[in-house]
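Subject: Handing over a structure, with notes on what was found

Dear colleague,

I am passing this structure on to you, and I would be grateful if you could look it over before reading my notes.

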Amino acid sequence: MQTSKTRASFYRRLYVAWLIDSGQAVSVPALMEATGMPRRTAQDTLAALSELDIDCQFEQNPGERNNAGHYRIHDWGPIDKRWIAANLQQIKTTLGYP
């Protein structure tokens, strides 16, 4: 069965938010490594989280410069992160992620 672009985009956003919230990938390079996404896709996906009312913010490391820091989910909005955890394998399979 072919996955629609809408579903793939939605799942990609959920998965990226889950990776950040779980601490498994909290930077663009870490997201790229975890998913195989190109840099631009990872950046665009991070920027698009707000469209789902997921509050994800970059937090600069104290005393450091040049965007040294990490992303953190402050609020999941209407998204139930327990659903993501329960359906994580389906999400990864749909996206073709290991």
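Two residues are said to be in contact, or to touch, when they have heavy atoms within 4.5 Å of each other. With that in mind, Trp 18 touches Gln 24, Trp 76, Ile 84, Ala 85 and Leu 88, if residues up to four places away in sequence are not counted. Please keep in mind throughout that this is a predicted model.

The overall picture

The protein chain has five helices and two strands, and from the N terminus on its elements run in the order α-α-α-β-β-α-α. Its radius of gyration is 13 Å, close to the 13 Å that the globule rule gives for 98 residues, so the protein chain is as compact as a globular protein of that length. Taken along the principal axes, the C-alpha atoms fill a box of roughly 50 × 25 × 20 Å. Buried residues make up 35% of the 98 residues, and, among the contacts with a separation of 6 or more, 48% are between residues 24 or more positions apart.

How the helices pack

Two packed helices are described by the angle between their axes and the distance between the axes.

Helix α1, residues 5-22, packs against helix α5, residues 88-95, at an angle of about 125 degrees, and their axes are 10 Å apart. Angles of 65 to 115 degrees count as roughly perpendicular and those over 145 as roughly antiparallel, and α1 and α5 are therefore oblique to each other. Their crossing is left-handed. On the α1 side the residues that meet α5 are Ala 8, Tyr 11, Arg 12, Tyr 15 and Trp 18, while α5 brings Leu 88, Gln 90, Ile 91, Lys 92, Thr 94 and Leu 95. Sorted by class, the contact of α1 with α5 has seven nonpolar, two polar and two charged residues.

Helix α1 also packs with α3, at an angle of about 90 degrees and with the axes 9 Å apart, which makes α1 roughly perpendicular to α3. Arg 12, Arg 13, Val 16 and Ile 20 of α1 make this contact with Thr 41, Thr 45, Leu 46 and Ala 48 of α3. By class there are four nonpolar, two polar and two charged residues in the contact of α1 with α3.

Individual residues

To return to Trp 18, this residue has its place in helix α1 and, at 16% relative accessibility, counts as buried. Trp 18 and Trp 76 are 58 residues apart along the chain, and their C-alpha atoms are separated by 9.9 Å.

In the loop between α3 and β1 lies Leu 49, which is buried, with a relative accessible area of 0%. Leaving aside its neighbours within four places in sequence, Leu 49 is in contact with Arg 13, Ala 17, Ile 54, Cys 56 and Ile 73. The C-alpha atoms of Leu 49 and Val 16, which are 33 residues apart along the chain, are separated by 8.7 Å.

Asp 53 also has its place in the loop between α3 and β1, but at 53% relative accessibility Asp 53 counts as exposed. Although it is not a glycine, Asp 53 has a positive phi of about 65 degrees.

Finally, Asp 55 has its place in strand β1 and counts as partly exposed, at 30% relative accessibility. Apart from neighbours within four places in sequence, Asp 55 is in contact with Arg 72, Ile 73, His 74 and Asp 75. Asp 55 and His 74 are 19 residues apart in sequence and 5.4 Å apart in space, C-alpha to C-alpha.

Methods. Residues are numbered from 1 along each chain as its sequence is written. This is a predicted model: local features need pLDDT of at least 70, side-chain atom pairs count only at pLDDT 80 or more; totals for chains, interfaces and linings use all residues. Side-chain values use heavy atoms; hydrogens and water are left out. Axes are lines fitted to C-alpha atoms, for helices over the stretch in contact, and angles run from 0 to 180 degrees between N-to-C directions. Helices (H or I, at least four residues) and strands (E, at least two) are DSSP runs, numbered from the N terminus. Angles under 35 degrees count as roughly parallel, over 145 as roughly antiparallel, 65 to 115 as roughly perpendicular and the rest as oblique. A crossing is left-handed if the near helix is turned anticlockwise from the far one by less than a right angle, and right-handed if clockwise. Ala, Val, Leu, Ile, Met, Phe, Trp, Tyr, Cys and Pro count as nonpolar, Asp, Glu, Lys and Arg as charged, and the others, Gly among them, as polar. Buried means under 20% relative accessible area, exposed over 50%, partly exposed in between (1.4 Å probe, protein chains only). The radius of gyration is taken over C-alpha atoms; the globule rule is 2.2 Å times the number of residues to the power 0.38.
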